[in-house]
Amino acid sequence: MAREFTRRDFLKLGAMGAATAVMAGCQPPRPWITLEPYVRPPEQQLAGVATWFASTCRQCPAGCGILVRIMNGRALKIEGNPDHPLNQGKLCARGQAGLQVLYNPDRLTGPVQQSQRGSRMYEPLAWEAGINTLYEKLAAAGGRVAVWTNSTVSGHLFDLFQRFSAAVGGPSPLVYDLYTGFNGYRLLADVSQELFGRAALPTYSLSHADVILSFGADFLGTGLSAVRYGREFGGFRSQPLGKRGYLVQLEPRMSISAAVADHWVPLRPGTEGLVAGALVQIIAEEELASADRAALAQSLIGGLDVGSIAAASDVPAEELLHLAHAFASASQAVALPGAALTGTDAGAEALAAVQALNLIAGTAGEASGLTLSPPSPSEAVLSPEPAAFSDMQALIEQMRAGQVQVLLVHGANPAYDLPEQVGFLDAVANVPFVASFAPIVDETALWADLILPDRTYLEGWGYALVSPSFDQPAVSGQQPVVTPVFDSRSTADILLTVARGIPAAAQALPWPHEVAFLQETVEQLGPGAAGGSGIDVLWTRFQQEGGWWPASPPEPEAPSLASAPTIQLQSPSFRGGEEEYPYHLYLYPSGLLSDGRGASQPWLQGSPDPMTTVSWQTWVELHPETAEELGVHDGDIVQVTSPEGELEAPVCVYPAIRPDTVAIPLGQGHTDYGRYARDRGRNPMQLVGAQADATGSSLAWSTLRVKIRPTGEKVALALFENKVGVTEGFLNAEFPH
Amino acid sequence: MSVNEVEHPVWRRPLLEGEDLAEQAEHLKRRHLLLDPKFPWEMNDDALKPMYRTSPSFWVIVVALSGLVMMGAITWFRQIYWGLGITGLNRPIYWGLFLVNTVYFIGIGHAGTFISAALRVLKIEWRRPISRAAETITLFGLTAAGLSILMHLGRVWKFYWLLPYPNQRQLWPNFHSPLMWDFMAILTYLTGSTLFIYLGLLPDLAMARDHTVGWRYRLYSILSLGWRGTEKEWAYHKTALDIFSYVIIPVMFSVHTIVSWDFAMSIQPGWNSTIFGPYFIVGALFSGVAAVIIVMAIIRKSMRLEYFLRHEHFDGMAKFLLILSFTWAYFYFSDYIVPWYNGEPVMKVVFDVLRRGWAAPLWYLMLFCNLLLPVATLWSRRVRSNTAALVMVCIYIQIGMYLERYFIVPVFLGYNELPFSWGTYIPRAGVLLTIASFAMIILLYMLFSRVVPLIPVWEILEGQIFQGLKRIGRALLPARSEPH
Amino acid sequence: MEQPERKWTMIVDIDKCTGCAACVVACHAENNVPIVTEQEVVRGRGQHWIRIERYWSGEYPHVKAHFLPILCQHCENAPCEPVCPAYATVHSPRENLNLQIYNRCIGTRYCGNNCPYKVRFFNYFDPNFVEPQDQQLNPDVTVRSAGVMEKCTFCVQRIRRAEEKALAEGHPLREDEVVPACVQTCPTGALVFGDLYNPESQVAKLLEPNNRKFRLLEHLGTLPSVYYLKGGTSRVSE
C-alpha cells in the first residue's frame, strides 16, 4: 500500500534541499480531517486509561488465562491472568504473540469463494450469499458431512459441531492437528485409560520434586503446558533450604529443557522407552530403595536385558545404574514422557514404562508427581479430544471413497500438518464441497470452495476446558476483547443460522446465537470460586474472572493401576536401512513457531530460536564431526532424504546433538498463511510417512532414518549470535554458569 | 636541466678554478628556488598562467569527478530518506567508513598547517612555494571531514543541536562528550585554516587583480579587500601571519588529539589507549605530508610549475616523511605492546585476528605500507630524487594510513567482552560515499587551482630577497638575512 | 543534586532461566520494538531490547548450554551517558534509571559503541508496521523513526503510570504496583524487579545476603542495576 507522506518525510526532503531544518508550522497536505466529538463513549472507556478483558489464549491446546489491555478499542498487550489456576499470571512467547494473530495484515477481509480450488483467485461475496451456499450444500448432503477441526477449537463450537453431526447422522467431528498429533496426546490418554482406567492426560507436578527424569520431554518448550511447567520448574529450582532438585534429560538433541538440566544423556533416538524399562528392571533386580518399590517394579516388568538396552540406547550400563539409584532413592521422583517417546512405533509400551517409573516412585497423586487431568466439571462442558491417527485415516478413506459430500474445516490445517503419504489432498479432490472457516488463507483453505472467515480468538466467544489441568478442573472463558478487525463472523453463529434451515438439526441446535448457548453452559456449571447465583451473575463473573474453577481445589486424584500393564519393550524399528540412510532424523516443534501455526506472526518469526539463535528459517542441525565428514559449514544447503520424502535446507552446526542424528525444527515451509509465513524454509513433515504406532492412535514420526547430501549451494544463516565469538571466543573463559 | 640531476657530495667535486664559481653558483641556483630569482613580473606570469590553462583533459576529469560527486550526493539523499540501513553498519559496529574518512581527511589536513605555520615558525625556507598548495589540502580535507561527520549522523537534519545556542527549552549540548569537543575543535580548525590561507592569499589576490580582466578582475577586487601593498599593510600582514602561525600550531595539535579522544575516552577494547593523542597526531602528519608530496608532484607537472617546485622541496618533505615513519612506528609499537603485555582477553583475540586471522592480509599490508616501505626507500637519495618513485611510496603510505584507521574503527568495534555480540563489517553505501568524498576534494582542488594562484609568489619574492650567495673561501654558500 | 528516592533493580536468576524467549516477545509487544527482516538479521541488525545470549561450554557429550538474558543494565556509572553530544541519554538520579530521550537523539551512535553490554540498538530504517499492526502499538511508548537509538527502559512508561496513579490515589508508590513486561511474563520467575532501597522488597530480600549474586563486567566499574544469580549443577550421591 502507498506509504503515507508524513511530516517526517517532509522534513527529510527539506534537509536535502538548500535549507535545512524546516520548522514547525508546515503541515503535509491532506484533503480532509475528521473531527468527531466523543460525546457518548462506550461504557468502560476513559480516555488514556486502559480496560482489561479476561479471555483465553488459543495459541496451544493448554488454555492459559489471559488479560488483554484495551485502549480506544485496540488490543495493546496480552498478560497472563494472575487468578487463572493454570498459568497464574504468566504467559509464554506464543501467548504474547497472539496480538499478531488478531492484527495480521493478510487476514481475509470478508468471505470469499474459489471457483477453481488451488487457483488462489478468491472472489469476494456477501455474507448472505456465502451462508446461503453453505446452507444449500449442507441441506443437500444430509449425513454425508464431515467436520475437521483442531485442538484449540472452542469447547462450545465443538459441542455445536458434535450436535449438528449427530443430528444429521454424520460422523463425529474429527479433532486432529500436528501439535497434539506430534506430542502424542491421544496416545497419552489411551495409555492412561489402559493403565488407570480413565482416558485423561497425565500431568506431572515438579515444584517439589527431588529428581526428575525427562525422557525426551521438552516440557519447558513445547510440551503440554510450557507456561505451567515453567512455573513448576521455577519452584523446582527454588525449594526450601536451597534445594534445587536434580533434572536429567534423556534425548538425542539438546532442547531448552536439556539445556537447564543437570545432566543431559544423549541416548539414541527411539530408545527412550527402552531406557525407562531398563530403569524399572534395575530397580526390580537390584531391589533398590525400599522393598515396596522393588516389589512393585518386579510386578511391572520382567525379562529385560539391561546390557543389550545399554548397547541399543548408547547409554552405558553404569549410567543406567546411576539413574536408577537416583530415581529410586529420591523421596519425590518424577518421570516425564516426551513427544519422541510417544512418536515411536511402540509408543504405548514406552509410555507405560515411564508411568511405571512414576508408580514406583510412589508420588502418584501427591503434591509432586503424577496425576491425571481432572474430568470436566460438568456434562455441559466439552473438550475436543484429539482423534487417533487411525480415525483420521478412516475419515480420509471416506473422503477418498466419495462418501463425504461436504467437508467443513475449522482451525485445522491438514494440508500442511500431514505428511503427503496420508493423502489428504488426494482425498479432498473427491469431496464435492469444501468449506473453510480460516481467518487467514492457509494451505488447506487454498483447496476450499468457500471460505467464511471465523473470528480470531481475541475477537470471539467460547470456552476451553483447561487441558491438561494440574490440580483442579478449570474452564477458561473466552470473550471478544475488541470489535472484529475485519468482516468476519463467528462460525458458531453461522452454524446455528444454517441449522435453523435443516429440520434434523434445528431441534438439536435451538439457540438463536452462540452467546445464548454459552450462557446456558455456564449456568450449568454453577457457582465456582467466584460465587454467585443466577445466570446473569454467573455469566458476568465468568467473563470477569476469565473462566470458572471450583471454590476449593479437590483432592488430587491418585491414579492407581487398573490393570497390570504388559510392558513388552522391543528395540525400535527404524524406517530406512542403516547403510543407505546413515543418520537418525529428529524432528521437534520450534519453541516459537510450535507446529507451524506461529509462522504468521512476525514476533515469533523474528525472535531468535533459543538454542540456535536462528530466525526466519529452517535449518538442519548437524554435529560438528558430522558436518566435517560431509564437508559442510553453516549455511551450506544439504538435501535430506528419508524413505518417504526429501527436503533441502541450510546446515546449522550444533554441538549438542548426537553425531549420528540430525535435527530439523517444524514450523516453516508454508506456501500460504500470510506474507510472514509464505515461501520460507521447509516443512520437515515431508520426510515423515503415514505410519502409525502399533495401536494406531499416534503418528510414528520419531523412528526414521535419513541420508544427507551437500548440494553445493549456500545461503546466509540468519543468526543472531556471532558464532565465531561463541564457539571460539575466549577459549579458556571461566564461566559463572 | 632537470631536478632529477644527482648532485655529487662535496668530496667528489673537482677542484675549482676561476670559472667554477660560476658553475657552483649555477648548481646552487638550480637546486634552490630562492637562489634563482626571476623578475617579479615573470613570476607573476608563471603563477597566473596555469589558472587559464584548462585543457580538454582537465575538463574531462572535472566532468568525471562531478559525476562521482553527484553519485555521492544522490547516495546521501537516499541515505537520508531511507535511513542508515543502506550502509553496512550493524550492532555492534556502529561506526564504519564515515568515521574512518573523517579521521583520515582531518589527518591529511595537518600537513598543510604544519608546512605553512610550523615550518614558518621554525624559519625553514623551503616551505615557501608549497605552503598554499598544502593549506588547500587542509581546507578541502576538513570540508570533506565535516561532511563525513554529517553523513554519519542518524538524523542529520538536527545536527545544529550540537551548536550551543540559547533556546526555549534551555538545552545545551553535552560538553562532557568527546564528540562535542570534536565539533568545536574542527570548527575552530576550519575557521582558523580558512582565515590563515586567506590572509596569506591577500597579496597574491591583489597581484592577480592587477593582472586580470573581466570576471576574474571583479572577483579578485572583492577578495583582495583593497590591498595596495603599502609598507604598513605589509607590516600588519607579517604581524598577523606571525600570530596566526604561532596560534594555529596548538590548534593543530589539539584537533587531532581531540579526534583521537573520540576513541581513547571510550571503554571499547582497542580504543581506550592513552597513547592515542600523540599517536594520531603523528599519523596525521605522516599521511598529510605524503598527501602533500603527491599533490605537489601532480601540480608541478600539470600546471608546469617546474620553476617553483624543485628537488629540494621533495627532498625536504621526503626526509621529514622518513622521520615520521619511524615516529609512527614507535607510537604504534607502544600502543600494541602494552595490551599485549597485560594479556587483556579481548585484545588477545584481536591480536590473533590481526596476526593470523581474517584481517592478517590487511594488517601486514598496512605494516608494509607504513613502516617497511618508507624505511626501506626514503633514506635513499635516488628514491627521493625520483618523483615517480616518491609518489608511489606516498600512495602506499596513504593506503597504509587509511587501513590503520579502518582497523581502529570497524575492525576493533567488532570485538568486545561479550562474544555473543561480536560482529563483522561489510561496507556498502559507505564505499560510494568515500569515493565521492575523495572525488569532491580533488574536484574542489582542481577548481580552486583555476581560480586562485596556488603559488604564493609574494612569499617566494620575500625569500628570494633575503636569500643570497656568500663567498667563503673557495665556496659559495647560500646565506640568509633576517628581516626586521 | 537530587536525592535518590528509589533504586530500580532487576534480578536475573540464571538458575531458573530456560531461554524460552517469552520476555523477548513481551518486550516487543510492550515497547513497539520493530521486528527486522531476515536480510537485516543476516547483516547483524537483530533488534531485541532483552536478548537471551546462549553460550556453550564443554565438549560433546559433556557439552552444556548457558542462557544469559541481557538487557540494559541501567548502570549507575553508565558509559553511554557522558559520550552523547546531544544529551539524549541521561541519568535519572531520583530513581536510578538510564533514560533515552528519542526526540533528542541525532544518531551519532557513540553511546552504542561505548556500551560494553551492547544493549543499545540503532534504528537503521523506519519501522514497518503494516496495517493493522499499527493498531497494536502501545500509545505510552514513542514509535522510533530511523536514526534514533533505543534500549530497554525498565518499562519506564509503566513506572510513570504507576507513579501518577499512586499520586492520584494519594499513597506512596508500592513497589508491587510496577512490573516491567519481561518480569511479568517470565513463566519460571527468573526475573524479579523492585526497589533496592526498600528493605521489604523482593529484590532486597533476595540479594541480601546471597553468595550467588554477581553483576556483568563488574571490572569496568559501570555499577549495573541488574544483578545475576549464578546457576548451579545438582549431583546425586549413590
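Guide: Here is a look at one helix pair in chain B. This is a predicted model, where local features need pLDDT of at least 70, side-chain atom pairs count only at pLDDT 80 or more, and totals for chains, interfaces and linings use all residues. Residues are numbered from 1 along each chain as its sequence is written, while chains are lettered from A and ligands numbered from 1 in the order in which they are written.

The pair is helix 4 (residues 97-121) and helix 14 (residues 387-411) of chain B, whose axes come within 9 Å and cross at roughly 140°. Helices here are DSSP runs of H or I, at least four residues, numbered from the N terminus; axes are lines fitted to C-alpha atoms over the stretch in contact, with angles from 0 to 180 degrees between N-to-C directions. That angle makes helix 4 of chain B oblique to helix 14 of chain B, since angles under 35 degrees count as roughly parallel, over 145 as roughly antiparallel, 65 to 115 as roughly perpendicular and the rest as oblique. The crossing of the two is right-handed (the near helix is turned clockwise from the far one by less than a right angle).

Now for who meets whom. Helix 4 of chain B brings B:L99, B:V100, B:V103, B:Y104 and B:G107, and helix 14 of chain B answers with B:M401, B:Y402, B:R405, B:Y406 and B:V409. Contact means C-beta atoms, placed from the backbone, within 7 Å. By class, that makes 8 nonpolar, 1 polar and 1 charged residues, with Ala, Val, Leu, Ile, Met, Phe, Trp, Tyr, Cys and Pro as nonpolar, Asp, Glu, Lys and Arg as charged, and the others, Gly among them, as polar.

Definitions and conventions. Two residues are in contact if their C-beta atoms, placed from the backbone, lie within 7 Å.
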